Amino acid sequence: MTSQRRRREEEEVRAEMSESGAQLFARLEARRCLKDIEPRLFPGDGGPQHGEVVELYGSEGTGKTELLYHLLCRCVLPNAAGGLEADVVFVDTDYSLDMLRLVSIMESRLNAALSTSAASDEEACRSCLSRLLVVHCSSSSQLLLTLHFLENSFSSRPGLALLLIDSISAFYWPDRCEGGANLAKQEEKLSKCSELLGRLLRDYRITVFATCHAIRRSYSGPSSSSFSDPDRPYLCRAWQRLVIHRLLCSRQEAGNNMAATAGRRQVLTVHCTSSSSSGTKAHRSSSFYVTDGGVEFT
């Protein structure tokens, strides 16, 4: 009798596991694709598909974080305001997330799209913020633990479609110092983070946007220049293999027509390079400037 009871219990457990697996698959299939998150940034048929990584690369003051705010608002805003109503995780490694700025952009977009009362605007903004989860990290080890912790959120929340990291290169110099002269040790933690991200991308079909600071590194090889190209990728190969779309952000001087359009604000340029599975690359350049209400494309 005891063995029969044990068999029944095992069969019940297997049935529950099978049901949970089916439910999980159904949830993942329902995850929002972010192909249309911002068509003006990406070449060809649009933005990132499920499980793709977008890197925003550039020096300080080139609009990377403002673009992240723009994309974040695009996700969490309601459909009536031109949003996607998708949940977002923002991993802040630089401790530079400006919530007042983010809320100001949200309110500006809501006011422009919806004719509502002040109370309704506040409620709409609260609803948008309920779709946002903010996490802070102060080291590569914390980032790795955070990604492990977030796996449960990706599994249980089908509305969670976007992971933002500002920035993925925040711990480059501390990791180099800790690793000493051994390159593998220098890159070990970020490589582990990248490998885990790769699995999360495959298993949960999320989309990742991450900023990366431009740096100038000494170059010891045979060259007439003492510095390497600051626009060249420098993070570990495991991360570089994940990146499908690379947005290179830079500043530019506005011409007469562009200056008039932008109201003589600083015009910023973003050049997108997208790689396909066949190995071909597509390119697109866009210009934008930053206003009190967020990013405006020219």
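**Close-up views of a predicted model**

View 1. The side chains of Lys-189 and Glu-178 come together in a salt bridge, with 3.0 Å from N to O, in a structure that is a predicted model. Lys-189 belongs to helix H7 and Glu-178 to helix H6 (residues 172-179), so the pair ties together parts that lie 11 residues apart in sequence. Lys-189 counts as partly exposed, at 24% relative accessibility, whereas Glu-178, at 58%, counts as exposed.

**View 2. The packing of helices H5 and H7.** Two packed helices are described by the angle between their axes and the distance between the axes. Here H5 and helix H7 (residues 183-204) pack at an angle of about 10°, and their axes are 9 Å apart. Because angles under 35 degrees count as roughly parallel, the two helices H5 and H7 are described as roughly parallel to each other. On the H5 side the contact includes Ser-140, Leu-143, Leu-147, His-148 and Phe-154, and on the H7 side it includes Lys-189, Leu-197, Leu-200 and Tyr-204. The residues of this contact between H5 and H7 divide into nine nonpolar, four polar and four charged.

**View 3. Leu-144 and its surroundings.** Leu-144 is found in helix H5, which spans residues 140-156. Leaving out residues up to four places away in sequence, Leu-144 touches Lys-192, Cys-193 and Leu-196. Leu-144 and Leu-190 are separated by 46 residues in sequence, and the distance between their C-alpha atoms is 8.1 Å.

View 4. In soluble globular proteins, nonpolar side chains tend to be buried together. The largest nonpolar core of this model has 42 residues, of which Ile-37, Leu-72 and Phe-209 touch the most other members. Helix H2 (residues 64-76) contributes the largest share of this core, namely eight residues. When neighbours within four places in sequence are set aside, Leu-72 is in contact with Val-88, Phe-90, Leu-102, Met-106, Leu-132 and Leu-164. Apart from this core lies another, of 35 residues, among them Leu-197, Leu-201, Ile-206 and Leu-242.

**View 5. Salt bridges elsewhere in the model.** A search of the whole structure finds 10 salt bridges. One of them joins the side chains of Glu-38 and Arg-40, at 2.8 Å from N to O; Glu-38 is buried, with a relative accessible area of 3%, while Arg-40 counts as partly exposed at 41% relative accessibility. Glu-66 forms a salt bridge with Arg-101, and the closest N and O atoms of this pair are 3.1 Å apart. This pair links distant parts of the chain, since Glu-66 sits in helix H2 and Arg-101 in helix H3 (residues 99-113), 35 residues apart. Both Glu-66 and Arg-101 are buried.

View 6. Most residues other than glycine have a negative phi, and most peptide bonds are trans. A cis peptide bond, with omega about 5°, joins Asp-166 and Ser-167, and Ser-167 has its place in the loop between strand E4 (160-166) and H6. Glu-85, a residue other than glycine, has a positive phi near 55°; Glu-85 is placed in the loop between H2 and strand E2 (87-92) and counts as partly exposed, at 38% relative accessibility. Arg-205 also has a positive phi near 55°; Arg-205 lies in the loop between H7 and strand E5 (207-213) and, at 26% relative accessibility, counts as partly exposed.

Key. Residues numbered from 1 in each chain as written. Predicted model: local features only at pLDDT ≥ 70, side-chain atom pairs only at ≥ 80, totals over all residues. Heavy atoms only, no water. Helix = DSSP H or I, 4+ residues; strand = E, 2+ residues; numbered from the N terminus. Contact = heavy atoms within 4.5 Å. Axes fitted to C-alpha atoms, helices over the stretch in contact; angles between N-to-C directions. Parallel < 35°, antiparallel > 145°, perpendicular 65-115°, else oblique. Nonpolar A, V, L, I, M, F, W, Y, C, P; charged D, E, K, R; others polar. Core = buried A, V, L, I, M, F, W, Y, C linked by side-chain atoms within 4.5 Å. Buried < 20%, exposed > 50% of the residue type's maximum accessible area, 1.4 Å probe, protein only. Salt bridge = Lys/Arg side-chain N within 4 Å of Asp/Glu carboxyl O.
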